[in-house]
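Trainee: I have a model open and would like to go through it with you. Can we take it piece by piece?

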Amino acid sequence: MNDLNDYSVIGRLTRDLGERDFAYIGNGTAKADLSIAVNRSVKRNDQWQDEVSYFDVVVWGKTAENLKQYFVKGKQLAIRGYLKQDRWEKDGQKHSRVYIVAEDVQLLGGKSDGNNNGGSYGGYQNNNSTSGNAPRFTPVNNAGNEDMGTSEEDFPEDIPF
């Protein structure tokens, strides 16, 4: 049986994407470093309380380029990817860091886009590149007003919802 490293999370960005968070690395590939907060309600002493966890996320390639303008504090994201651990030694001390490498990113409701619609902006999905380079991404949907070439014919009538 193969091992499994698949992680899905919905959370909100903890800060705007600044210049130090977005860069083009050696071969010209875009990289965005994000931090998301994920709330979970837990019952303590007959009262519900929010418990917050923070996760670092790395977004690569076209997804980072195409979505960077929407990466603003409070924006809700759905992220699917895998966990990665970096290890290093500095001044004789061993360090490690676990973070999410995003393969699919979808912008959800939350912070308004300036037009007060606050809806979904679409998402981007990995093309399953096997080259070993940073993943390539292509658009998978767009909930904006532009026509993406879909019609009623693309959806069967017998969908139960």
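Trainee: Which residue in β4 does Lys31 stand opposite?

Mentor: Lys31 stands opposite Trp60 in β4. Keep in mind that this is a predicted model.

Trainee: How many bridges join β3 and β4?

Mentor: There are 14 bridges between β3 and β4, and the two strands pair in the antiparallel sense. They form a hairpin with two residues between the strands.

Trainee: What is the phi of Asn45 in that hairpin?

Mentor: Asn45 takes a positive phi near 55° there, although Asn45 is not a glycine. Most residues other than glycine have a negative phi.

Trainee: Is Asn45 buried or exposed?

Mentor: Asn45 counts as exposed, because its relative accessibility is 77%, and the cut-off for exposed is over 50%. Asn45 is found in the loop between β3 and β4.

Trainee: Zooming out, how many helices and strands does the protein chain have?

Mentor: The protein chain has one helix and eight strands. From the N terminus on, the order is β-β-β-β-α-β-β-β-β.

Trainee: What share of the residues counts as buried?

Mentor: 29% of the 161 residues in the protein chain count as buried. The accessible surface comes to about 11,500 Å², and 43% of that belongs to carbon and sulfur atoms.

Trainee: And what about contacts along the sequence, what share joins residues at least 24 apart?

Mentor: That share is 51%, among contacts between residues at least 6 apart in sequence.

Trainee: Now the inside. How many residues are in the largest nonpolar core?

Mentor: The largest nonpolar core has 20 residues, and Leu34, Phe71 and Leu77 have the most contacts inside it. The elements giving two or more residues to this core are β1 (7–13), β3 (30–44), β4 (47–60), α1 (61–67), β5 (75–90) and β6 (93–110). β3 gives the most, with five residues. As background, nonpolar side chains tend to be buried together in soluble globular proteins.

Trainee: What is Leu77 in contact with, leaving aside its neighbours within four places in sequence?

Mentor: Leu77 is in contact with residues including Val9, Ile10, Leu13, Leu34, Ile36, Phe71, Val105 and Leu107.

Trainee: Changing topic: how many aromatic pairs are there?

Mentor: The count comes to two aromatic pairs. In one of them, the rings of Tyr7 and Phe55 have their centres 6.0 Å apart and their planes at 55°, so the pair is tilted. Tyr7 lies in strand β1 and Phe55 in strand β4, so the pair ties together parts that are 48 residues apart in sequence. Tyr7 counts as partly exposed at 22% relative accessibility, and Phe55 counts as partly exposed at 26%.

Trainee: What about Phe22 and Tyr24, how are the planes set?

Mentor: Phe22 and Tyr24 are edge-to-face, with 85° between the planes and 5.4 Å centre to centre. Phe22 is buried, with a relative accessible area of 13%, whereas Tyr24 is partly exposed at 48%.

Trainee: Last one. Which residue lies over the face of Tyr99?

Mentor: Arg97 lies over the face of Tyr99, at 4.4 Å from the ring centre.

Note on methods: Residues numbered from 1 in each chain as written. Predicted model: local features only at pLDDT ≥ 70, side-chain atom pairs only at ≥ 80, totals over all residues. Heavy atoms only, no water. Core = buried A, V, L, I, M, F, W, Y, C linked by side-chain atoms within 4.5 Å. Buried < 20%, exposed > 50% of the residue type's maximum accessible area, 1.4 Å probe, protein only. Helix = DSSP H or I, 4+ residues; strand = E, 2+ residues; numbered from the N terminus. Contact = heavy atoms within 4.5 Å. Phe/Tyr/Trp six-rings, centres within 6.5 Å; stacked < 30°, edge-to-face > 60°. Lys NZ or Arg CZ within 6 Å of the ring centre and 35° of its normal. Areas by Shrake-Rupley, 256 points an atom, 1.4 Å probe, with all protein chains shown as cover. Pairing = 2+ DSSP bridges.
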